[in-house]
Each structure stands twice: as C-alpha cells, then as structure tokens.
Amino acid sequence: MKHPLRTTTALAALTVAGLTPLTLAAAPASAAPSRLQGDFNGDGYRDVAISAPAATVSGKKWAGQVAVVYGSASGLDPAKRKVISQNTAGIPGAAEAYDEFGDQVATADLNRDGYSDLVIGAQHEKAGSADDAGTVVIVWGSSSGLSGGTTVKNPQTLYGSYFGLSIASADFTGDGKPDLAISAQSSSTDPAYRIRLIRGPFTKSGSTGSVSSYSPGIDRPALTAGRVSGDTKADLVVTGQKPNSGQLATAVYYKGTASGLSKAASLRPAATAAIGDLDKDGYGDIALGNPEEPDNEPSASTGGKIHVVYGKGSGPSTTRRVTFTQNTAGVPDSSEYGDEFGGALAIGDFDKNGYADLAVGAPGNSFGDDTNYLSSPGAITLMRGSASGLTATGAVHLTQDSAGVPGVAEAGDSFGATLLASDVNHDGRADLTAIAAQENDPAGAAWFLPGAASTLYSTTAATTFSPTKLGLSTSQGGAFGQDLAG
C-alpha cells in the first residue's frame with residue numbers, strides 16, 4: 001500500500017529493514033513464574049523488547065519486527081533472543097509493506113498467569129480497505145518464552161485512525177487486572193485523537209473487559225503509565241501537541257479511578273515523560289522532557305530541558321516543581337542548540353539506595369573543541385534521587401567515550417535516543433538499556449549499562465550489540481530501538 005505521512009511519538013527515529021532471524025529458545029524457567037513485569041519466560045530475569053518497525057519481512061519493506069532479548073544474571077544476551085513479525089507462526093495477520101509492526105511496544109501480565117506478555121502496535125496496519133486503521137497484538141508469555149498472539153479489537157477500524165499510535169499497560173482501575181490504554185485518531189476525516197481504555201482481564205480467545213473512550217485534547221498523544229498518587233491505581237500522563245498548533249507542546253495528567261481515567265490536571269509542556277519516586281516519599285514523581293528549541297516550541301529552552309513535578313496524595317503537586325537544563329548548576333556539559341536534552345527519559349534506582357534516579361537522553365548532544373568537534377554523537381545524563389528530590393549533585397555524563405562504555409562517539413550517532421530502566425540481572429539495581437539510533441550510519445545499536453552503587457552505571461560490565469547480533473539486517477535507517485519495553 002502507499003506509504004502514509006508518518007506519525008511518530010516523541011522518541012521516534014525512522015526506517016529499519018530486517019532479515020528472517022534465527023530464533024533461539026529462551027532459558028528454562030523456574031517451576032513457578034516470577035511474576036516480574038517484563039519477564040516473558042518467568043525465569044526471574046526481566047527481558048527487553050526492542051522495536052524494529054521498518055524491518056523488511058519476506059521482501060515487504062517497512063513490515064516491521066520486534067526483537068526480544070532475554071535477560072540473565074549477566075544481563076542481556078543477544079544470543080538468547082526471539083524476533084517476532086506478523087509472519088511468525090501464531091501471530092495474527094501477515095507482514096505487509098509499511099505496516100510498521102512494532103512501532104510501539106509495552107508489557108504486562110494481561111491474562112494473569114504469572115508470565116509477562118508483550119503488546120505490539122502497528123498503527124499503519126490496513127483493516128479491510130481502510131489504510132492506516134492500525135492494530136494491536138498481544139504476544140503471550142510462557143515458560144518457554146513468547147509464543148502465540150491475539151488481536152486486541154480495534155473499536156474503530158476507519159481509514160487513518162492509527163489505532164496503536166501509543167500504548168501504556170497498567171492497572172488503572174485498581175482491581176488487580178492490568179488494562180491497556182491505547183491512543184488513536186478518530187479517522188482521517190475526524191482528526192480528533194482519542195484514548196481507549198480497554199479493561200482487563202485479557203484472554204487468548206480475544207475477550208476483554210469493557211472499553212471507555214477519552215478525548216485528551218492533544219494531537220499525537222503519547223502515553224506514560226505509573227502510580228503518582230500512591231494508591232493502588234495507576235495513573236496516566238499524556239504528552240503531545242496542542243491541536244492545530246504545529247509544534248506547541250502540552251501535557252495532561254489522568255488519575256486512575258475504580259471507574260476508569262479521570263482528567264485531573266494540566267502539566268508543563270512536554271514531549272516525553274517518565275514516572276517514579278525520586279524522593280522516596282511513597283508518591284510517584286513525573287519527569288517531563290521538552291527537547292525542542294525556542295524557534296520551534298515557544299515553551300522550550302535552547303538545547304532542551306526537563307521538568308520534575310512531584311507527586312502527593314491527590315496527584316501532581318501544583319507548587320513543588322523544578323526545571324533542569326544542561327546549564328543548571330551541577331548538570332554536566334552545557335546547553336547547545338540541537339542537544340535535545342530530554343528527548344528520552346527513564347526512571348529507576350540505578351544505585352540501589354531506595355531513591356529512584358533519572359536518565360536523560362540528549363541524542364543531539366554535541367561536544368568537543370574548535371579543532372575536534374563532534375556533531376550529534378549524543379549523550380545520557382544520569383541524575384540522582386534524594387530525600388529532597390532530583391539533584392544534580394553527583395550527576396554522571398555518559399557518551400560512547402565514557403569509561404567502560406563500549407564504542408567510540410561519532411558524529412550523528414544519536415546515543416540516548418531511546419531509554420529503558422529495568423532490573424534485568426536481578427541484583428536489585430535498575431539497569432539502563434540505551435539506543436543510538438544512527439550508530440554505524442544508520443544501522444543503530446543497543447547498549448546494556450548495568451546499575452552500580454557509586455557511578456550509577458557499571459564501568460566494567462557494560463555491553464553493546466548491533467541489529468545483526470539479533471538476526472536483523474544493517475539497513476535500519478535509524479529506527480532500530482524506536483521503542484523499548486521490559
């Protein structure tokens with residue numbers, strides 16, 4: 001089918017091509033599944049799904065794949081992997097050109113069997129004669145890893161509805177059954193965007209709980225789930241653009257309730273978000289990234305910035321808010337045009353001290369002097385949580401030239417384009433999975449950076465792997481790792 005105008009989330013890069021991969025079995029699981037989020041085979045180690053939405057499948061360009069790397073005590077091992085496309089046995093549909101299967105990924109134990117399941121979106125999937133109607137597929141976890149799939153019913157299979165534009169999985173109603181929040185456009189003739197809340201439980205036969213629809217008043221809504229108010233219900237942060245405004249960013253907060261989502265507060269303009277307890281007070285704090293430049297986005301700062309909105313019992317605080325740029329005292333480096341500081345965010349306790357920490361991607365970050373200047377190799381800043389909240393004290397600046405980080409910083413790598421914090425090696429510390437979207441121009445590559453006590457990342461155990469290590473081709477066009485889940 002003809003390729004449409006691409007819609008992308010805040011972390012998006014574009015274009016991937018892939019080969020039919022070698023699929024290896026996952027490590028044997030323990031007798032009882034771990035019930036850890038992101039542990040698809042129940043062996044007690046969280047796994048990581050890496051999107052490849054522009055991969056070529058059986059000659060179909062932009063059909064899309066998802067590469068799943070299984071975790072272990074030593075971290076991510078690309079030799080233990082599974083690559084999933086719509087041509088994989090048991091997966092609904094068929095690989096078609098420009099579907100972009102894997103554009104979005106998320107995880108949750110949707111059928112509550114103890115194994116985490118993988119949710120995969122393909123917003124450009126054709127439904128009947130309706131181009132770009134979109135689809136969302138659940139791939140089920142088991143003791144042998146991921147296998148078999150079920151389509152989540154699209155409530156509005158219309159041309160240009162882009163169902164699966166963004167996906168968040170969590171228990172928004174507090175009933176112990178994970179739900180799915182999925183954003184979509186109403187149709188090509190009705191450009192208003194919707195959020196569908198599909199309640200759990202989900203079954204392999206395709207049944208679900210009830211469905212509700214919400215109008216966030218945001219174009220291209222990107223969804224981030226987490227507990228802000230400290231109760232048993234997950235909340236939702238929606239970032240995107242103001243309708244009919246071009247580049248004007250906005251963000252809103254939906255509180256989870258027993259009856260669904262309730263739009264509760266406006267937040268500072270942002271394109272990216274992450275939620276976690278930075279000050280260990282029992283409430284989730286919201287980190288918001290605004291990586292644009294003032295000439296494109298009036299609310300932005302040169303080089304990009306982040307906001308932290310602290311949580312309390314009723315939700316986001318209206319008074320306890322703070323902003324950081326690379327010119328803030330203690331934040332490494334300095335703000336330069338095009339840095340895209342805040343272009344990716346991830347929250348996790350990297351040093352195991354009880355306070356969540358924040359990883360900030362700046363995929364456009366440039367550095368060097370007048371005689372040795374690198375344009376857009378990219379960088380990641382690790383900032384520590386504390387009793388007073390996020391602090392720049394002891395912040396760590398990571399590039400491919402940092403101690404223990406494999407590779408060499410090169411112009412245009414876009415290191416830090418996508419980030420995921422999760423405890424893969426099960427040592428109690430969050431580990432960072434990071435993507436350089438344009439590594440090796442533009443194949444892309446992934447880094448596994450284990451958490452550590454003093455430096456926030458291990459200077460001795462970090463590893464990297466390219467798409468070819470996962471059975472994918474090198475023709476990735478910058479979209480390898482467009483989204484991560486685990």
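User: Why does Phe415 count as buried?

Analyst: This is a predicted model, and the values are computed from it. Phe415 has a relative accessibility of 0%. Buried means under 20%, so Phe415 counts as buried.

User: What makes Phe415 and Trp447 an edge-to-face pair?

Analyst: A pair of aromatic rings is described by the distance of the centres and the angle of the planes. For Phe415 and Trp447 the centres are 5.2 Å apart and the planes stand at 80°. Rings pair if their centres lie within 6.5 Å, and planes over 60 degrees apart count as edge-to-face.

User: Is Trp447 buried or exposed, and how do you know?

Analyst: Trp447 has 1% relative accessibility. The cut-off for buried is under 20%, so Trp447 counts as buried.

User: How many aromatic pairs does the structure hold?

Analyst: There are 2 aromatic pairs.

User: What makes strand S11 an edge strand?

Analyst: Strand S11 is part of an open, antiparallel sheet of 4 strands in the order S8-S9-S10-S11. S8 (166-170) and S11 (211-214) each have a single partner strand, so one side of each has no neighbour in the sheet. S10 (residues 193-198) is joined to S11 by 4 bridges. At least two bridges are needed for a pair, so S10 and S11 count as paired. In S11, Ser213 is the bridge partner of Arg196.

User: Which residues have the most contacts inside the largest nonpolar core?

Analyst: They are Ile380, Leu382, Leu398 and Leu432, in a core of 22 residues. Strands S24 (379-384) and S27 (431-436) are among those that each supply at least two residues of this core. Ile380 touches Leu398, Phe415 and Leu432, among others.

User: How do you know that Lys280 lies over the face of Tyr355?

Analyst: Lys280 is 4.5 Å from the ring centre of Tyr355 and lies over the ring face. The distance limit is within 6 Å, so 4.5 Å meets that part of the test. Arg320 also lies over a ring face, that of Tyr310, at 3.9 Å from the ring centre.

Definitions and conventions: Residues numbered from 1 in each chain as written. Predicted model: local features only at pLDDT ≥ 70, side-chain atom pairs only at ≥ 80, totals over all residues. Heavy atoms only, no water. Core = buried A, V, L, I, M, F, W, Y, C linked by side-chain atoms within 4.5 Å. Buried < 20%, exposed > 50% of the residue type's maximum accessible area, 1.4 Å probe, protein only. Contact = heavy atoms within 4.5 Å. Phe/Tyr/Trp six-rings, centres within 6.5 Å; stacked < 30°, edge-to-face > 60°. Lys NZ or Arg CZ within 6 Å of the ring centre and 35° of its normal. Lists of a residue's contacts leave out its neighbours within four places in sequence.
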